[in-house]
Amino acid sequence: MIKLQTFRILVLFSVISLMPGHAELSTSDLLYRLLEGDQQVIPALVERKEEALPLLRRLMTPDPAEVLVYLERLGAANFQDRSAATEALIALGGDIREQVEAFRRENAHDPEIVHRCNLVLKKRTEGASAEQDLAIVTFFMACGDLEASVVRQFGDSFRRVFERKALPVLQEAGSGQSPESLYDFARHYVQLPGGEDDLVTWVLGQSNRQWVLETVRILLNWDFEKFLPLVTQTGRHANTIERMVVREFAARFGEKEILHHLKSIYDASNHPVEVEFDPETEVTPDIAFAIMNRRGMRRLEPVHYDLLFEKLEPMPSEELLRRLSEKPVEGFFMQQLAERRTDLREALASLVMTQVGEIENISLWNMYLRVARDSLGVTFAEGDLDEEWARIMHHHEGVTGVLTGSVASWNLSPAHVLKLISQYADQIEKHPNSHVATFVHLFDADDPEVRRGAVELALATMTGSEHFNSNIQSLWTSALRHPEADDPALTKKKFELLGKLRPREGAEPFPLLGSSGIRKDFQAVLSGFYGANREWLNQLFQEEPLRPGVADLINYLSWYPGIEPETGERLRDVVVRFLEKADLEPGEKKAALLSGLNLGLRDPVWDRALLEHLQTEISSPFEFPLWRLDGHYRDLLTKLEERIDTPEGLNLSLLCAGIMIQPDHPFWTPRIDRLLRETGDVMEVGHLMRALVIVNREPDLSKLDDTRLAELFNATDAQAIERTDDFLPKLFRLENKALALRLLEPHLKDLMAHEKYLSGLNDSFYLVPEAWGILGETLLNLLETGPLAQKRSAASSLTAMNLVPASVIPRLEKLLADGDADISIRLSLLWIVARMGPEASSLTEVVREIPAEHPRLRLRRAFALASISPVASEREEHLNLLKEAYLTEPSWLRLRKIGLLRTMDTETLPFFQELIRRGFREDARKLQVHYLREIVYRATNFPDPQVAWEMYHEILETLRDPDVAQPGMRGLADPVFQRLIQHYPDRLDELRPLIEQLPEELKRSWRYRQLHEIMSPQ
């Protein structure tokens, strides 16, 4: 670390204090500021890097002769001389590591010199200024590519920054941020001796597999030859990396490289070797056959099979079939044969079914049957495989690998399955979750005796352990699919079993419930069960004590809209009895309260339990669906008012509940005012604002005084920034959001330097029309001149701007043309340009020039060109590329790109309409409804507002009929409500009849409550 004279520091700072900005400082003064850890000078130094870099090197290069004098004194006879030399070396400025290490090697025979050299290196590392190291490294990163000698001279600074993880890109590795952001550091660090190994070892040690894969991909694209041997070492992600390398970089491999890779897989398999495989010699058909037919070769990738089948091709078909018939063939080899040799399809089908009976290995047996069914077209009638399945199961004494999912796959007869698995009850008890698929198959059997036997076996073996939620869902659904209307005893047995199925610790206790009610598939099952057992259920609910499973059933039935009034009364009675139990668990209490809410229960027992729950058992108000409390619960208000003021202060959950029940009650007004103006912290005010937004009573925050506003929109430290960022999405009025942006503008540099993505802030940029006028220029200045972290954040925030003026196009062009720009910044710039549309057409050429080796850059460039290119055919070409990318690998971001295009409305609209209509037609398992929500959001980007209106109308029309809409598509209701509120508040009355006809389950969201409040007169 450089040591500045006290006088020098005072003079420098006094001079700087008189200067208006960095531009007027000399380069040497800027460097001294940098060495004091000031990163604000970096943009100015980058502008003068041709002068600054040599000067910095001279400034930080100690005189080798002076260093040598001190080194030679480390072995002095006098202790004081040795100590003084050691201290001098520790205090000396610049990088002396290499000279100290060389002197230590030359004097390895002298323990005193070795000891003191080690001490110097250790103390210099410990005493180094973290701020100086970070400033130097950040400066070098901003300078782009540097000569290796420059980086090596400052190697200690780079190493210390890496060891301390001082950069955000090192601190947040694997946490979700873009791996490309590591590039600026990595390309310098790998120039240090051992830097490549250190960096790759650290990358491979991260836990986020996707981040590791993406980072490895970047390193290989950067320098394939250098990094391939480093990234393919043994480690936690080794197999995944190996598969990625072979799949994605196969074009860089020649035949020899593929064969050597094959050899490594071949040697790693611990199964017997039938042929010696030397990649340096010719691969004959015999060798190719032996490689693919060796057990343990499941790690082969298409590039390996392509080469091996090419080598196998000269082998005559008759000879190939003869060899295949000698014994069962390795399963993955057989799968490839079935898919690649269609000329042998019939012979292979006969061969596979013949050999199945000779196989004893479970995995190979399953693989052969899958090949027969999926690749060779063999069908299995019920019972065809019963004896074969029994053989393999007995051979392995009921091991779980045979049972897991196989019974339904192979169309086994349920009676046969029940008889067999009953012999292996101990295996079921050991691994209950692995046998769920088997019991689902048996519960769905047509024979009631099979169902009875399966329930009894499950009671004996499945109820001693916790289960995955998905397994509980499957068992409930299959158990109730047969109503057992003629066999009440069997029904009671089922409920006894279902009541004993408990979720894993920490899981939601009622897994069949979704955000808006019971799952659609389970609702259909419940409807059939309720219709066949209505009278029996009414009797069941009167029994005391309640049978196991009844408590869960009450909760599920309370969500079902088809129950009759008599059953509803029974359910209300049971909920009250349930809440009166002394040993009620928290999860059970919440379920009972939800049941009462669903049933519109009005009873003092439920009232008291609800108020206790809100007052003491939840940490924030909206852990319970308060928005469903309305005027129906008006008689709760007196009891609520009695509890709302406590010795600890105002109970926020009760206040929010009261606001939901009677929004304009005068009792709330002073308490709301006090929370807004004085007592509530940011999070409390946020919860209050959410309650007021839901009932369309959001206050005007500009009425608060400046001190209070400063508390709410605080950017003084990381915690304050995060709390304010969480608070921003709670605001709905654009005036309040605009006010927030104005208050945060002075703190924008701190916000942009924050390590986490500020979603609330960016959402406000997107929604507030005047966002550019408030913050745009400041953000653009940060993007142009700020440190790297601020540049990235500023670029990201600018992508959220709905309006970027054409006047900044020359500045955007300069940024886009910077070949050394960080890739994440380039991605953001392309997004900004694409959002501008045709007015940015002058940037078409510079966008075309951007290299796009990386898939993300390629798609982002296509997004920009589809939006701004003046050539219609070019726009259409890139729109088609975006569509193809979505259909190949769907994602919400790819739909967003298509929806934001400003020049392709006539081509985009039919694409969106077809995706939505397909969503309603196709099986729910094929849906990506969270992607299709993006279409709902993007519809408002069409210039004609009637487009979105008609699309929302069509969606609501379809959702109105619950028998038409596929289950997952119900998730489109809330986004439609949100967009209607934001963009069509004056036209909502036109949709009132349609909205009121929606299924009740879609009216249970807080968005619906907000929509309803806006439609209804206050």
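## Helices and loops in a predicted protein model

Residues are numbered from 1 along each chain as its sequence is written, and side-chain values use heavy atoms, with hydrogens and water left out.

A few terms will come up again and again. Helices (H or I, at least four residues) and strands (E, at least two) are DSSP runs, numbered from the N terminus. Buried means under 20% relative accessible area, exposed means over 50%, and partly exposed is in between (1.4 Å probe, protein chains only). Contact, or touching, means heavy atoms within 4.5 Å.

**The whole protein**

The protein has 62 helices and 6 strands. Its C-alpha trace spans about 100 × 90 × 70 Å along the principal axes. Of its 1018 residues, 52% count as buried. If you take the contacts with a separation of 6 or more, residues 24 or more positions apart account for 72% of them.

A nonpolar core is a set of buried Ala, Val, Leu, Ile, Met, Phe, Trp, Tyr and Cys residues joined through side-chain atoms within 4.5 Å. The largest one holds 331 residues, and the members that touch the most others are Trp389 and Phe439. Helix α52 (residues 823-836) gives the most to this core, with 10 residues. Apart from it lies another core of 13 residues, among them Leu74, Ala85, Val100 and Cys117.

Leaving out residues up to four places away in sequence, Phe439 touches Ile421, Ile428, Ala454, Leu457, Ala458, Thr461, Met462 and Leu475.

**Back to α24**

Helix α24 runs over residues 362-375, and its end C-alpha atoms sit 19 Å apart, which agrees with the 20 Å that its 14 residues should span at 1.5 Å a residue. That expected span is 1.5 Å times one less than the number of residues. Of the 14 residues, 10 are buried, so the helix is mostly covered. The buried set includes Trp365, Met367, Tyr368 and Leu369.

Just after the helix, Gly377 takes a positive phi of about 75°.

**Around α32 and α33**

Helix α32 (residues 469-481) has 13 residues and reaches 18 Å from its first C-alpha to its last, close to the expected 18 Å. Among its buried residues are Ile472, Leu475, Trp476 and Leu480. The buried residues of α32 pack against α30 (436-443), β1 (466-467), α33 (488-500), β2 (502-503), α34 (520-532) and α36 (550-559).

Helix α33 also meets α31 (residues 448-461): their axes come within 10 Å and cross at roughly 30°. Axes here are lines fitted to C-alpha atoms, for helices over the stretch in contact, and angles run from 0 to 180 degrees between N-to-C directions. On the α31 side, the residues that meet α33 include Arg451, Val455 and Leu459, while those on the α33 side include Leu490, Lys494 and Leu497.

| Residue | Relative accessible area | Counts as |
|---|---|---|
| Glu484 | 6% | buried |
| His237 | 8% | buried |
| Asn696 | 30% | partly exposed |
| Pro746 | 59% | exposed |

Glu484 lies between α32 and α33. It has a positive phi of about 55° although it is not a glycine. Asn696, between α43 (682-694) and α44 (706-712), is also not a glycine and has a positive phi of about 60°.

His237 is in the loop between α16 (224-231) and α17 (238-248). Its side chain reaches the backbone oxygen of Gln206 at 2.8 Å. Not counting residues up to four places away in sequence, His237 touches Leu204, Gln206, Ser207, Arg209 and Val212.

Pro746 lies between α46 (734-744) and α47 (748-753). Pro746 and Leu775 are 29 residues apart in sequence, and their C-alpha atoms are 9.5 Å apart in space.

Terms used. Predicted model: local features only at pLDDT ≥ 70, side-chain atom pairs only at ≥ 80, totals over all residues. Polar contact = N/O pair within 3.5 Å; in protein donor to acceptor, adjacent residues only side chain to side chain.
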